[in-house]
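Here are some notes to go with the model. Have it open while you read.

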Amino acid sequence: MTTVERKVLIADDELPARERLQRLLAELPGFSVCATSSTGLEAFEEIRKLKPDIALLDIRMPGMTGLEVARHLSALDRPPAVIFTTAYEQYAVEAFDAHAVGYLLKPVRRERLAAALEHAARLGSSVFRELADEKVFAPRRHIAVRVREDLKLIPIGDIAFFRAEQKYVTVRHDQGEDLLEESLRNLEIEIEAAFVRAHRNLLVAIAHVEALERQADGGHCVRMRGTGERLAVSRRQLAQLKERLGAGR
């Protein structure tokens, strides 16, 4: 029997589903709802602020899926144990090829919910950390960056470029710039549909490039939309860059 009350966050874009989970949790001793969210982004922000022990995440939510929320949560110092909820069994299978914390098929039954919560309470976030490293997630629509002791999310569409500098990657975006502890190569593989390599240490967003310019010394640079900033292009990447920019126009 659970002796310590665990805080639970519920995230689902459908009000009836949220209300049902709230009613079921009210009947289960040892667990209390600390917040509910209707979108993935809202869920991430609430989890970041409230630090619940367990998060019940719907997989299909607008803007940011439950899978993407879970991926970003792995960067927290103390991520919650995550239980996915879904009406579509194929998503649960995809998410839990390895190291499952738990998942519930809708409509959620009281007995299944109780068992999943007890299981998550015993395991904590350790298994979830392993899950977050598995290659089962779709490309992110946001990038999570650490700012002092906190995390913030940057929409992929707001990012102009990633530039590798020593052990960090600088992320330039509409609100400024931040540092990211990820490799440029991994980013390139994941978000290659929207970004192109301009230099060995530079990935630029196709949508943020205003023009490809030839310089006086025979080299090339890209002029970034809005800021007019010019970034050097290596000869090795020039042909691919021209092709991708041409296709993106």
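**Notes on the model**

1. Phe162 and Phe195 are both buried (under 20% relative accessible area; exposed is over 50%, partly exposed in between, with a 1.4 Å probe and protein chains only). This is a predicted model, where local features need pLDDT of at least 70, side-chain atom pairs need 80 or more, and totals for chains, interfaces and linings use all residues. Numbering starts from 1 along each chain as its sequence is written, and side-chain values use heavy atoms, leaving out hydrogens and water.

2. Searching the whole structure turns up one aromatic pair (ring centres of Phe, Tyr or the six-membered ring of Trp within 6.5 Å; planes under 30 degrees apart are stacked, over 60 edge-to-face, the rest tilted). The centres of the Phe162 and Phe195 rings are 5.3 Å apart with planes at 50°, so this pair is tilted. Phe162 sits in strand 8 and Phe195 in strand 11, so the pair ties together parts 33 residues apart in sequence. Strands here are DSSP E runs of at least two residues, helices H or I runs of at least four, both numbered from the N terminus.

3. Now the sheet: it is open, with five strands in the order 10-9-8-12-11 and antiparallel pairing (two strands pair if DSSP finds at least two bridges between them). Strands 10 (176–180) and 11 (195–199) are at the edges with a single partner strand each, so one side of each lacks a neighbour in the sheet.

4. Strand 8 (residues 159–165) pairs with strand 12 (residues 202–205) through three bridges, in the antiparallel sense. Here Phe162 is opposite Leu203 of strand 12.
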